[in-house]
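Hi,

Here is the structure I said I would pass on.

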Amino acid sequence: EAIKCETKIYFAHPYSSFERGTNEKHNSLVRRFIPKGRPIYDVTKPFLDKVMNWCNDLPRKILNYKTPMECFKEEINQLNYSLIV
């Protein structure tokens, strides 16, 4: 039996970066550490982890100056609470 889900899905058009604002913002943050054109195989896992942690711990205006990690943890806590209740 099919499960009804009310999830909305959005598709961005190719070469339309303005339709992917958050994605493009993250790309620009990563580019501070890994310049465009640098082969990804030249980047070590520990360095990628450092970049990822820096991005996830950076407060964002769009998140009311919370970090993405703080928001993620809040969502997980809400899910856990709703499963318990």
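This is a predicted model: local features need pLDDT of at least 70, side-chain atom pairs count only at pLDDT 80 or more; totals for chains, interfaces and linings use all residues.

Of the 85 residues, 11% count as buried.

As for charge, there are 14 positive and 10 negative side chains, and the centres of those two sets sit 8 Å apart.

The fold is quick to describe: three helices and zero strands, so you read α-α-α along the sequence. The radius of gyration is 17 Å, whereas a compact globule of 85 residues would come out near 12 Å. The C-alpha trace spans about 45 × 30 × 30 Å along its principal axes. If you take the contacts between residues at least 6 apart in sequence, 16% of them join residues at least 24 apart.

Now for the aromatics. A search of the whole structure turns up two pairs. Phe33 and Phe47 pair edge-to-face, 6.5 Å centre to centre with 70° between the planes. Phe33 sits in the loop between helix H1 (21–31) and helix H2 (45–56), while Phe47 is in helix H2, 14 residues away. Phe33 also pairs edge-to-face with Trp54, at 5.0 Å centre to centre and again 70° between the planes. Trp54 is in helix H2 and Phe33 in the H1–H2 loop, so this pair ties together parts 21 residues apart in sequence. Phe33, Phe47 and Trp54 make up one aromatic cluster.

Cheers

Terms used
Residues are numbered from 1 along each chain as its sequence is written. Side-chain values use heavy atoms; hydrogens and water are left out. Helices (H or I, at least four residues) and strands (E, at least two) are DSSP runs, numbered from the N terminus. The radius of gyration is taken over C-alpha atoms; the globule rule is 2.2 Å times the number of residues to the power 0.38. Buried means under 20% relative accessible area, exposed over 50%, partly exposed in between (1.4 Å probe, protein chains only). Contact means heavy atoms within 4.5 Å. Lys and Arg count as positive and Asp and Glu as negative; His and the chain ends are not counted. The place of a charge is taken as NZ of Lys, CZ of Arg, CG of Asp or CD of Glu. Rings of Phe, Tyr and Trp (its six-membered ring) pair if their centres lie within 6.5 Å; planes under 30 degrees apart count as stacked, over 60 as edge-to-face and the rest as tilted.
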